[in-house]
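Q: Could you walk me through how to read a model with two chains, starting with how the copies relate?

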2 protein chains.
Amino acid sequence: MHYYPNPAAGLDIPAVNAAIEEAFAEHGRGKVQMPPKVYITFDHGDFRTMPAYIPSLDLGGVKIVNVHPGNPASGLPTVMALTVIISPETGIPEAILNATVLTDLRTGAAGAVAAKYLSPRRTITLGMVGSGRQAQAQVDAISAELSIDRIRVWSRSEKNARAFCERYADRECASMSLERVADCDLLVTTTPSREPLIRNEWIRDGTHINAIGADAAGKQELDPAILSRARVFVDDPAQAVHSGEINVPIRDGVYSPDRIAGTLGEVVLGRKKRTTADEITVFDSTGLAIQDLAIAEIAMKSGNFINLRFP
Amino acid sequence: MHYYPNPAAGLDIPAVNAAIEEAFAEHGRGKVQMPPKVYITFDHGDFRTMPAYIPSLDLGGVKIVNVHPGNPASGLPTVMALTVIISPETGIPEAILNATVLTDLRTGAAGAVAAKYLSPRRTITLGMVGSGRQAQAQVDAISAELSIDRIRVWSRSEKNARAFCERYADRECASMSLERVADCDLLVTTTPSREPLIRNEWIRDGTHINAIGADAAGKQELDPAILSRARVFVDDPAQAVHSGEINVPIRDGVYSPDRIAGTLGEVVLGRKKRTTADEITVFDSTGLAIQDLAIAEIAMKSGNFINLRFP
């Protein structure tokens with residue numbers, strides 16, 4: 001059994017995007033096993049267990065990931081993760097990966113795949129709501145698929161927004177109000193908000209939105225009126241209804257699961273798509289176990305592991 | 001993060017039994033979180049993901065365990081397992097344990113707890129159906145709770161049954177027919193059978209049965225008429241209905257979930273019990289994630305670990 005302490009080192013972003021796209025394609029074909037993630041709730045956070053199997057990659061396993069919003073105060077990341085790879089042939093645990101950074105990267109890659117297929121244009125003004133690790137992962141992954149002319153970023157902390165822009169000094173990047181950030185081609189929301197931050201009237205026709213932040217019951221970032229106006233694609237219907245951007249509007253009776261336009265897998269396969277340049281499209285991301293397996297497979301090729309005695 | 005390659009070494013069986021009993025008590029009190037285990041199916045086996053949280057022990061985590069019946073042909077165990085311990089306070093993975101032997105021991109301990117409370121007497125004739133690793137674990141654990149005068153064992157392989165008895169040379173132990181094995185005070189079934197091995201007419205009044213083998217849909221070891229005649233206790237109702245000894249009779253309409261007499265946790269708490277010396281009692285064991293956490297906690301005290309870099 002191999003342990004990979006730092007499996008994200010040296011990963012090639014375009015290769016990650018391609019692997020995640022192929023995982024979504026397999027999902028769209030109905031060729032994966034992936035039960036909805038299971039939540040265990042603690043006083044100060046939770047952890048989620050995410051098993052899956054991708055037969056075409058001969059790859060099985062499970063990611064275990066926590067969310068503890070108070071962690072940064074004690075110097076730990078909010079989100080930490082392990083992925084355990086299980087041999088389909090014998091069931092033996094073949095590898096354990098530190099999946100904390102991999103989780104950021106695979107979520108960024110899903111946003112990049114959605115942007116590649118749903119963005120209204122190839123050269124874009126990018127609006128970023130939130131400026132943390134996931135915001136960076138989204139920009140880095142999307143940069144491999146689209147040409148980003150200009151970045152507009154909003155953060156609760158002006159200082160964090162400025163630090164974010166320093167990372168992208170090669171491009172025009174500025175900290176702005178939420179309303180001005182929302183005036184863009186591609187809007188990406190990455191906050192843990194539990195109430196809408198983005199108002200419907202701020203979003204112009206033709207915008208594509210990656211709604212990344214909502215990943216648990218009660219979380220939402222968008223005015224539900226945006227969802228009613230848009231074509232909404234999800235990563236996985238069961239997870240999105242339970243914990244995605246649409247979960248609160250569904251609970252409140254202002255959105256209905258039968259209005260989901262399709263999955264990102266179906267978009268990748270060409271079965272579903274943006275139909276006009278003027279329509280608003282939304283990708284509601286909750287994070288899939290198959291993304292974790294797909295990025296783990298690439299990461300294991302780096303060879304950077306230690307041997308553990310098992311069984 | 002600590003890795004425990006051999007955490008079962010030196011474990012004290014009475015202490016394991018006590019820890020498992022306390023985990024069942026917490027389950028009986030409704031003080032644990034434990035969603036039903038989730039199955040992923042491969043061509044030649046499966047793996048199960050079992051998350052749980054025991055607040056009274058401040059202990060969260062998940063066991064990952066496979067079942068690949070063809071493994072012994074290639075020198076690997078049928079069942080292999082890892083347990084990952086998650087800190088409730090921060091969500092960080094604190095430890096990973098090789099849980100293959102721990103899985104045997106915690107299942108044996110559940111049988112011992114059931115035997116302690118439900119056996120018709122303290123000095124017993126023990127009937128064993130199956131002679132593999134789990135059969136040994138049951139005898140070893142039950143020996144800490146009851147006095148075993150005599151062991152009767154049946155195996156498909158006469159050679160395996162004789163080897164089993166050599167392990168217990170300090171007691172009267174003999175390989176016998178299924179019918180003669182069933183003539184005992186405490187019967188323990190540990191096979192992967194998919195059809196009833198034990199006939200109703202072989203079971204005398206007052207017998208207690210640990211039905212251990214059935215742990216997946218389609219498996220069964222007992223004539224359903226035994227269940228109709230007995231008071232049936234389960235480890236967890238949701239899991240037992242899906243994958244325990246009662247799963248096939250329920251599917252076939254010859255047993256009903258509303259006939260379950262209670263859980264082992266309720267028995268430990270004294271809320272449910274054997275009511276007469278003559279009645280037959282059955283403990284239907286499917287294996288609970290809280291058992292895996294409880295034994296992991298004891299095993300981690302051994303200190304036999306290596307350090308892994310995380311996060």
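A: Copies are superposed by least squares on the C-alpha atoms of residues with pLDDT of at least 70 in both. This is a predicted model, so local features need pLDDT of at least 70 and side-chain atom pairs count only at pLDDT 80 or more, while totals for chains, interfaces and linings use all residues. Residues are numbered from 1 along each chain as its sequence is written, and chains are lettered from A and ligands numbered from 1 in the order in which they are written.

Q: What rotation and shift superpose chain A on chain B?
A: In general, two copies of a chain are related by a rotation about an axis and a shift along it. Here a rotation of 180 degrees, with 0.0 Å of shift along its axis, puts chain A on chain B with an RMSD of 0.1 Å. The two copies are therefore related as by a two-fold rotation axis. Within chain A, Thr49(A) has the C-alpha nearest the axis, at 3.8 Å.

Q: How many residues of chain A are in contact with chain B?
A: Count two residues as in contact if their C-beta atoms, placed from the backbone, lie within 7 Å. On that basis 40 residues of chain A are in contact with 40 residues of chain B. Strand 4 (59-67) of chain A is among the elements giving two or more residues to this side, and strand 4 of chain A gives the most, with five residues. Strands here are DSSP runs (E, at least two residues), as are helices (H or I, at least four), numbered from the N terminus. The side of chain A that touches chain B divides into 25 nonpolar, 13 polar and two charged residues. For those classes, Ala, Val, Leu, Ile, Met, Phe, Trp, Tyr, Cys and Pro count as nonpolar, Asp, Glu, Lys and Arg as charged, and the others, Gly among them, as polar. The same surface serves both copies, since 100% of the contact residues of chain A recur in chain B.

Q: At what angle do helix 1 and helix 2 of chain B pack?
A: Two packed helices are described by the angle between their axes and the distance between the axes. Axes are lines fitted to C-alpha atoms, for helices over the stretch in contact, and angles run from 0 to 180 degrees between N-to-C directions. Helix 1 (residues 13-28) and helix 2 (residues 100-118) of chain B pack at about 75 degrees, their axes 9 Å apart. That makes helix 1 of chain B roughly perpendicular to helix 2 of chain B; angles under 35 degrees count as roughly parallel, over 145 as roughly antiparallel, 65 to 115 as roughly perpendicular and the rest as oblique. The contact includes Ile20(B) and Phe24(B) from helix 1 of chain B, and Leu105(B) and Val113(B) from helix 2 of chain B.

Q: In what order do the seven strands of the open sheet in chain B run?
A: Strands of a sheet pair through backbone hydrogen bonds, either parallel or antiparallel; two strands pair if DSSP finds at least two bridges between them. The order in chain B is 2-3-4-5-6-1-15, with mixed pairing. Strand 2 (38-41) and strand 15 (306-307) of chain B stand at the edges, each with a single partner strand, so one side of each has no neighbour in the sheet. Strand 3 (residues 46-54) and strand 4 (residues 59-67) of chain B run antiparallel, joined by nine bridges, and Phe47(B) has Asn66(B) as its bridge partner.
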